[in-house]
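Hi,

Here is the structure I promised to pass on. Have a look, and then read my notes on the aromatic rings below.

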Amino acid sequence: MPTTLSALDHLVLTVRDLDKTLSFYTDVLGMTPISFGEDAARWALGFGAQKINLHVAGAEFEPKAECPAPGSGDLCFLSTTALTEWQTHLERLGITILDGPVPRTGATGPLMSLYIRDPDGNLIEISNPV
């Protein structure tokens, strides 16, 4: 029987400033901050059935990527909220929209997407399936 993968459980972002990152992903994108680990010293961001673990640059949890670097991520998040509502929300918060709405191709089909950056410069794509 061949081995197969079924889903992405979590990924890790290396960040410069934990507080700025937590604030951005909770206030701007609506994720939930999660503390975990020994003495709840580690942090993650929850959304849907996934999470993003956060490692502070220079104090990463082992094992880690070979060359962890803040700002090297390019992430796409699916949303059921219309992109027009996202545009209004982002503009109200002073978040620059780099591009969009523009058509893109996702894992399961076509998307309409907006692009922004997080505090570390990671590219964040917010998409509606079409």
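First, a term you will need: a residue is buried under 20% relative accessible area, exposed over 50%, and partly exposed in between (1.4 Å probe, protein chains only). F24 has 7% relative accessibility, so F24 counts as buried. Y25 is buried too, at 0%.

Before going on: this is a predicted model, where local features need pLDDT of at least 70, side-chain atom pairs count only at pLDDT 80 or more, and totals for chains, interfaces and linings use all residues. Residues are numbered from 1 along each chain as its sequence is written, and side-chain values use heavy atoms, with hydrogens and water left out.

Searching the whole structure turns up two aromatic pairs. Rings of Phe, Tyr and Trp (its six-membered ring) pair if their centres lie within 6.5 Å; planes under 30 degrees apart are stacked, over 60 edge-to-face, and the rest tilted. F24 and Y25 have ring centres 5.1 Å apart and planes at 80°, so they are edge-to-face.

F47 and F77 are also edge-to-face, with 5.2 Å from centre to centre and 85° between the planes. This pair links distant parts of the chain, 30 residues apart: F47 is in strand 3 (residues 42-47) and F77 in strand 5 (residues 74-78). Strands here are DSSP runs (E, at least two residues), numbered from the N terminus. F77 is buried at 12%, while F47 is partly exposed at 26%.

Finally, charges over rings, meaning NZ of Lys or CZ of Arg within 6 Å of the ring centre and within 35 degrees of the ring normal. R42 lies over the face of F61, 3.7 Å from the ring centre, and the charged end of K51 sits over the ring of F36, at 4.1 Å from its centre.

Cheers

Notes:
Helices (H or I, at least four residues) and strands (E, at least two) are DSSP runs, numbered from the N terminus.
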